[in-house]
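Subject: Handover of a structure and notes on its contents

Dear colleague,

Please find the sequence and the structure below.

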Amino acid sequence: MKKTCFNNALNSCVKAITKSCINSTTSGFMFQPKTPASLKKFSKVENDK
Amino acid sequence: MINNLSTRLTDKLLSKGSITEDERELYIYGLFMLISQLMYLVLACIFGLLFECFFESIIFYVAFQFIRRYAGGYHATTETRCEILSTLSIIASIGIIKLSKIYDFKTILLFITLVSVVLIFFLCPLDTPEKPLSEKEFKYFRKISWIILLVISSIIIVSYFFKFNILFTPCCVSLILESILLVAGKIKRVHQEKSVKN
């Protein structure tokens with residue numbers, strides 16, 4: 001039960017932060033890892049019609 | 001370091017069946033961002049406590065994160081270099097905040113910030129080869145950067161006249177650091193373009 005809760009929280013956290021990062025110019029620090037192409041689906045600007 | 005940690009954590013989650021193979025890439029990227037943000041926030045808090053300017057350090061970190069994420073700028077080529085440079089820039093910024101509590105150089109700081117605002121206005125947003133922006137994204141992020149720049153600049157002007165030093169110096173330092181990173185990023189890009197042509 002505890003593990004499921006932790007996994008769900010982690011899942012939500014990771015997804016939220018990924019969405020926020022994909023909708024910004026760069027990361028907030030001095031290293032930008034290569035952005036996976038599959039993450040473009042989260043881009044608000046690109047998917048905005 | 002952070003990349004290894006996020007890869008290991010993701011693989012652990014994958015082996016336990018908590019995530020699918022398709023989500024692996026997303027998790028490595030997301031965990032990298034999550035751990036990095038937490039790590040630098042904790043670093044800013046620690047140095048803030050050490051330099052006895054805890055709240056100013058948090059205000060600096062938040063203001064810097066806002067403008068940095070949309071305006072972009074210099075990025076190190078390796079993760080280790082990033083960790084060293086980020087830590088040094090946090091220490092230097094909090095050091096300036098600490099010095100401003102001892103010596104009064106608010107007017108000089110305001111003048112340097114004014115130059116920084118002009119630089120950020122013209123140079124933003126500066127993307128990276130690792131995360132290139134489309135034309136649509138470029139226009140969108142430029143608008144957001146300008147809005148954030150306007151908000152931080154307004155806070156600086158109000159806090160200067162009303163002597164809210166807790167807001168004034170951290171906001172000034174965040175814009176100065178961002179302008180330095182933008183100029184460094186621009187120089188790096190021009191240099192890279194020249195190397196490609198030659």
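Predicted model: local features only at pLDDT ≥ 70, side-chain atom pairs only at ≥ 80, totals over all residues.

Setting aside neighbours within four places in sequence, Ser93(B) is in contact with Phe60(B), Val173(B) and Leu177(B), where contact means heavy atoms within 4.5 Å. Ser93(B) lies in helix 4 of chain B; helices (H or I, at least four residues) and strands (E, at least two) are DSSP runs, numbered from the N terminus. Ser93(B) is buried, with a relative accessible area of 4%. Buried means under 20% relative accessible area, exposed over 50%, and partly exposed in between (1.4 Å probe, protein chains only).

Residues are numbered from 1 along each chain as its sequence is written, chains are lettered from A and ligands numbered from 1 in the order in which they are written, and side-chain values use heavy atoms, with hydrogens and water left out.

Chain B as a whole

Chain B holds seven helices and zero strands. Its C-alpha trace spans about 55 × 45 × 30 Å along the principal axes. Of the 198 residues of chain B, 45% count as buried. Among contacts between residues at least 6 apart in sequence, 74% join residues at least 24 apart.

Helix 4 and its partner

Helix 4 of chain B (residues 79-102) has 24 residues and reaches 35 Å from its first C-alpha to its last, close to the 34 Å expected at 1.5 Å a residue. The expected span is 1.5 Å times one less than the number of residues. Its buried residues include Glu79(B), Cys82(B), Glu83(B) and Ser93(B). Among the elements that cover the buried residues of helix 4 are helix 1 (2-15), helix 2, helix 3 and helix 7 of chain B.

Two packed helices are described by the angle between their axes and the distance between the axes. The axes of helix 4 and helix 7 of chain B come within 10 Å and cross at roughly 145°. Here axes are lines fitted to C-alpha atoms, for helices over the stretch in contact, and angles run from 0 to 180 degrees between N-to-C directions. This crossing of helix 4 and helix 7 of chain B is right-handed; a crossing is left-handed if the near helix is turned anticlockwise from the far one by less than a right angle, and right-handed if clockwise. On the helix 4 side, Ser89(B), Ser93(B), Ile96(B), Ile97(B) and Ser100(B) meet Thr169(B), Pro170(B), Val173(B) and Leu177(B) of helix 7. The residues of this contact divide into five nonpolar, four polar and no charged. In this count Ala, Val, Leu, Ile, Met, Phe, Trp, Tyr, Cys and Pro are nonpolar, Asp, Glu, Lys and Arg are charged, and the others, Gly among them, are polar.

Helix 6 against helix 7

The 27 residues of helix 6 of chain B should span 39 Å at 1.5 Å a residue, and its end C-alpha atoms are 39 Å apart, which agrees. The axes of helix 6 (residues 135-161) and helix 7 (residues 165-197) of chain B come within 8 Å and cross at roughly 145°. Helix 6 passes helix 7 of chain B in a left-handed crossing. Their contact divides into ten nonpolar, three polar and no charged residues. Just after helix 6 of chain B, Lys163(B) takes a positive phi of about 55°.

The nonpolar cores

A nonpolar core is a set of buried Ala, Val, Leu, Ile, Met, Phe, Trp, Tyr and Cys residues joined through side-chain atoms within 4.5 Å. The largest has 21 residues, and those with the most contacts inside it are Ile67(B), Ile120(B), Ile152(B), Ile156(B) and Leu175(B). Helix 3 (54-71), helix 5 (106-123), helix 6 and helix 7 of chain B each supply at least two residues of this core. Apart from it lies another core, of 17 residues, among them Tyr40(B), Phe47(B), Ala76(B) and Ile90(B).

Phe47(B) belongs to helix 2 (residues 24-50) of chain B and is buried, with a relative accessible area of 15%. Beyond its neighbours within four places in sequence, Phe47(B) is in contact with Thr87(B), Ile90(B), Ile91(B) and Ile94(B).

A residue of chain A

Ser24(A) sits in the loop between helix 1 (2-22) and helix 2 (44-47) of chain A. At 0% relative accessibility, Ser24(A) counts as buried. Leaving aside neighbours within four places in sequence, Ser24(A) is in contact with Arg69(B), Tyr70(B), Lys131(B) and Phe141(B).

Yours sincerely
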